Amino acid sequence: MHGLVIKNTGSWYTVLTDDGQLIDCKIKGNFRLKGIRSTNPVAVGDRVQIVPNNEGTAFITEIEDRRNYIIRKSINLSKQSHIIAANVDQAILVVTVANPQTSTTFIDRFLASAEAYRVPVILVFNKTDLLDEDMHRYQEAMINLYQTIGYECYQISAETGDGVEALRPLLKDKITLLSGNSGVGKSTLINRLVPDANLRTSEISDAHNTGQHTTTFSEMIPLSPITQHPTPGFLIDTPGIKGFGTFDMEPEELTSYFKEIFHFSQDCKFSNCTHTHEPGCAVLKALEDHYIAESRYQSYLSMLEDKDEGKYRAAY
């Protein structure tokens with residue numbers, strides 16, 4: 001039988017079969033996936049082959065080739081990766097300029113990683129109802145920056161519902177990864193978009209001004225009942241990510257994952273330019289002329305100079 005992994009609870013996987021059944025499955029044997037050292041060889045979004053057993057469960061015997069995937073470094077094992085999701089059509093990154101504040105470093109690292117894995121990203125700025133005048137101006141400046149680069153941006157309040165309806169057409173018939181720092185309101189947004197999802201939400205921790213984790217494992221939430229098979233789209237809910245580290249990204253590749261830096265790099269004097277000090281660097285000239293934002297360039301440098309995810313975790 002063939003199916004889609006829609007939930008991961010550690011040792012068990014829930015698979016939606018092609019004929020509409022939900023079957024709890026375990027992995028049979030060891031999977032070696034093209035050299036990827038992963039803490040979770042099977043991920044939400046994977047297409048798999050399963051063999052049912054007499055207990056009413058099944059074994060996953062094969063993972064079909066992935067179109068794409070998004071990974072981050074494992075929290076405990078720095079030399080291994082954790083696959084967040086596979087075979088996604090797009091990602092929505094939920095960010096907030098306050099309560100908590102999402103740093104531009106985090107946003108840029110996510111965007112660069114998504115570019116590397118060929119996943120389009122939509123930026124959703126949440127909690128607009130909590131912003132004062134200065135925060136609104138800052139948010140507008142951020143939106144202007146990312147729209148100029150080429151990313152779609154939306155302003156919403158998941159709490160009040162303002163702006164949420166504009167997102168529905170973007171989700172239809174697609175598998176969408178929903179991500180962001182803890183506390184930015186992902187669960188509240190899902191409850192708006194899928195009222196019967198019954199997801200837990202949590203309040204911001206006053207002590208640390210960061211979110212409390214409400215999602216432990218990734219899960220695909222159907223946008224309509226699974227009985228209406230095939231379902232018209234899924235949202236993938238992911239644990240709140242405090243630090244996002246790319247995995248096995250070569251320094252020379254990095255330029256192409258920052259759209260505007262790549263654009264100007266075509267005019268650099270040297271083909272192996274790192275855009276840090278070289279004479280005739282078109283990127284440094286564009287930075288000086290304000291065609292490239294300082295925050296984006298600093299994010300580029302942070303990824304170029306230090307691939308250690310731990311450096312970025314403390315800031316959130």
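**Exercises on a predicted model**

In helix 1, the buried residues are Thr104, Phe106, Ile107, Asp108, Arg109, Phe110, Leu111, Ala112, Ser113, Ala114 and Ala116. Buried means under 20% relative accessible area, exposed over 50%, and partly exposed in between (1.4 Å probe, protein chains only). Helices (H or I, at least four residues) and strands (E, at least two) are DSSP runs, numbered from the N terminus. The model is predicted: local features need pLDDT of at least 70, and side-chain atom pairs count only at pLDDT 80 or more, while totals for chains, interfaces and linings use all residues. Residues are numbered from 1 along each chain as its sequence is written, and side-chain values use heavy atoms, without hydrogens and water.

**Exercise 1.** Determine how many residues of helix 1 are buried, and check the span of the helix.

*Solution.* Step 1: 11 of the 13 residues of helix 1 are buried. Step 2: the expected span is 1.5 Å times one less than the number of residues. Step 3: for residues 104–116 this gives 18 Å, and the end C-alpha atoms are 18 Å apart, so the two values agree.

**Exercise 2.** State which strands pair with strand 1, and in what sense.

*Solution.* Step 1: two strands pair if DSSP finds at least two bridges between them. Step 2: strand 1 is joined to strand 4 (residues 47–52) by 3 bridges, antiparallel, with His2 opposite Gln49. Step 3: 5 bridges pair strand 1 with strand 2 (residues 13–17), also antiparallel; here Val5 has Val15 as its bridge partner.

**Exercise 3.** Explain why Ser187 counts as buried.

*Solution.* Step 1: Ser187 belongs to helix 4 (residues 186–193). Step 2: its relative accessibility is 8%, so Ser187 counts as buried.
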